[in-house]
Amino acid sequence: MPVASSPAGSARGMSAVVLVVEDEFLIRLDTVQMVEEAGCETLEAANAGEALAILARRPDIAIAFTDINMPGSMNGLELAQVIAENWPSVRVVLTSGKVVVRDEELPDHDRFIPKPFSSDQIARVLHELAP
């Protein structure tokens, strides 16, 4: 079940809504915490299907932060493509501990961060992509 969280607040002053898509519960929890520490509101999805349902009803989402390797109907790369086609204003940050993707392989304005990532890496990329 998708969960909405409130921003933790931050001196960085960001207020973007970020959808975190990660099938591993503990990793999703850690990622949500890092995103909130960067000053963003978070929404959570465990797979691409949940993410697409949330995107369809939340036009305020600015960034999707998704794992590449996920079970279900599509992986994170496929999800990024669907987002680019249907929600072109939503930026995507992809992550993986198994696959490396060059930025030029991604839709324009999207980013890749390898796992494990740090709070500073998350804050930096969110700050770059936030509207």
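A nonpolar core is a set of buried Ala, Val, Leu, Ile, Met, Phe, Trp, Tyr and Cys residues joined through side-chain atoms within 4.5 Å; buried means under 20% relative accessible area, exposed over 50%, and partly exposed in between (1.4 Å probe, protein chains only). These views show a predicted model, where local features need pLDDT of at least 70, side-chain atom pairs count only at pLDDT 80 or more, and totals for chains, interfaces and linings use all residues. Residues are numbered from 1 along each chain as its sequence is written, and side-chain values use heavy atoms, leaving out hydrogens and water.

**View 1. The largest nonpolar core has 24 residues.** Among those with the most contacts inside this core are Leu19, Leu55 and Ile83. Helix H2 (48–57) is one of the elements giving two or more residues, and H2 provides the largest share, 5 residues. Helices (H or I, at least four residues) and strands (E, at least two) are DSSP runs, numbered from the N terminus.

**View 2. Arg28 and Glu44 form a salt bridge.** A salt bridge is a side-chain nitrogen of Lys or Arg within 4 Å of a carboxyl oxygen of Asp or Glu. Here the closest N and O atoms are 3.1 Å apart. The pair links distant parts of the chain, with Arg28 in helix H1 and Glu44 in strand E3, 16 residues apart. Both residues are buried.

**View 3. Asp60 pairs with Arg58 in another salt bridge.** Their closest N and O atoms are 2.6 Å apart. Asp60 counts as partly exposed because its relative accessible area is 36%.
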